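Some notes on the strand arrangement follow. Please read them with the model open.

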Amino acid sequence: MIKEFKTRTGAIYCDTEKKMEYLYVGDYGKENNIKADFLGFKKEINSVPHHDVDLRDKMVVTISTQKGCPMKCMFCDCPKVKFGGNISREELAEEVSNSINYSGCKYTERFNLHLARMGEPSFNADNVLEFLKTDLRNLVNGMMKADTIHPVFTTMLPKGLGKEKLRDIILRFCEIKNVDYSGEAGLQLSINSTDEKQREELFRGMSLTLEEISEICRDLPEPVGRKYTLNFPVTDKTILDPKELTRLFDKEKFIVKITPIHETNEANENGINTPEGYYKYDVYRQFEQPLLEEGWQVIVFIPSKEEDEDRITCGNALLSLEK
Ligand code: SF4
């Protein structure tokens with residue numbers, strides 16, 4: 001059975017038998033929810049007011065790559081779903097086609113696909129990468145007109161795969177981004193902290209060390225189009241040392257993205273949150289300014305309170321509430 005949960009910007013779908021969860025939403029527009037000086041969006045965002053969205057401007061589809069997740073990140077509800085293995089290539093297509101069908105959208109300027117509802121995509125790399133390379137554009141173009149199709153691969157850099165295997169997977173995605181999509185795709189690495197001990201706690205010891213991630217990143221090709229992204233969902237306790245970041249990563253290849261950590265049940269239970277994060281820019285200025293002074297390009301992305309309440313943000317899994 002597929003259950004629909006309407007949200008204020010789209011809808012979330014839970015397939016209770018196949019244990020898949022996916023969603024489509026619209027977006028408020030960069031000028032409303034992003035501060036990125038290097039892109040010309042310089043206004044500090046003290047809160048993002050909700051307003052109606054139009055899927056014709058941008059349609060964001062977020063799908064699961066696994067049924068539940070074998071990682072145990074301290075800020076995420078997905079491990080609360082009984083793990084049911086990888087999602088097949090056909091099922092990845094089903095998540096995307098159902099999202100488009102249910103939305104009723106026939107045209108969008110920009111179609112973003114995030115592999116970030118449930119699961120760590122690198123654990124299901126063969127299906128995911130083949131789907132992106134071969135299936136995604138045909139599938140979307142067969143169902144609607146999208147001026148741009150932009151997939152985003154986000155990884156928590158799991159230790160379980162081993163450094164060499166993970167490097168190979170990330171390199172394969174870079175080729176898809178840089179060659180198959182001519183740069184129109186995103187790679188996001190979840191770094192979360194520049195302090196090894198803090199990372200170890202947040203990822204419960206299941207992510208590679210910063211040194212290992214840094215080694216992988218040295219081997220990545222120059223990005224075509226957008227640079228690769230280092231993700232920092234922050235709390236008031238986050239350690240983000242710009243000098244340490246410069247030692248570990250290349251500013252020519254990477255930008256930094258700062259977001260509030262989302263209010264999932266797991267994050268709340270573990271006391272991981274960003275008080276005032278949806279209302280005051282002060283929370284982000286303390287991280288953004290030192291990075292800018294160190295020469296980093298920084299995007300601060302803030303969802304609206306409504307988006308977080310509607311649980312469309314990463315780390316949520318409505319299936320975790322199923323009995
Ligand atoms: S954040 Fe991603 S990798 Fe971590 S538990 Fe959640 S779904 Fe898995």
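1. Start with the pairing of β8 and β9. These strands run parallel and are joined by 3 bridges. Within this pairing, Gln188 stands opposite Thr229 of β9. Keep in mind that the model is predicted.

2. Next, the other neighbour of interest. β9 also runs parallel to strand β10 (residues 254-260), with 7 bridges between them. Thr229 has Ile255 as its bridge partner in β10.

3. How many residues of strand β9 are buried? The count is 7 of the 7 in residues 228-234, so the strand is largely enclosed by the rest of the structure. Tyr228, Leu230, Phe232 and Val234 point one way from β9, while Thr229, Asn231 and Pro233 point the other way, and all are buried. In a regular strand, side chains alternate between the two faces of the sheet.

4. Strand β7 (residues 145-155) pairs with strand β8 (residues 186-190) in the parallel sense, over 4 bridges.

5. Now the whole sheet. It is open, has 11 strands and shows mixed pairing, in the order β1-β2-β3-β5-β6-β7-β8-β9-β10-β11-β4. β1 (2-6) and β4 (34-35) are the edge strands, each pairing on one side only. Helix α2 (residues 89-103) packs on the sheet and touches β2 (10-15), β3 (20-25), β5 (59-62) and β6 (107-114). The direction of α2 makes about 40° with that of β3.

Definitions and conventions: Residues are numbered from 1 along each chain as its sequence is written. This is a predicted model: local features need pLDDT of at least 70, side-chain atom pairs count only at pLDDT 80 or more; totals for chains, interfaces and linings use all residues. Two strands pair if DSSP finds at least two bridges between them. Helices (H or I, at least four residues) and strands (E, at least two) are DSSP runs, numbered from the N terminus. Two residues are in contact if their C-beta atoms, placed from the backbone, lie within 7 Å. Axes are lines fitted to C-alpha atoms, for helices over the stretch in contact, and angles run from 0 to 180 degrees between N-to-C directions. A residue is buried if 20 or more other C-beta atoms lie within 10 Å of its own, exposed if 12 or fewer, and partly exposed in between; C-beta atoms are placed from the backbone.
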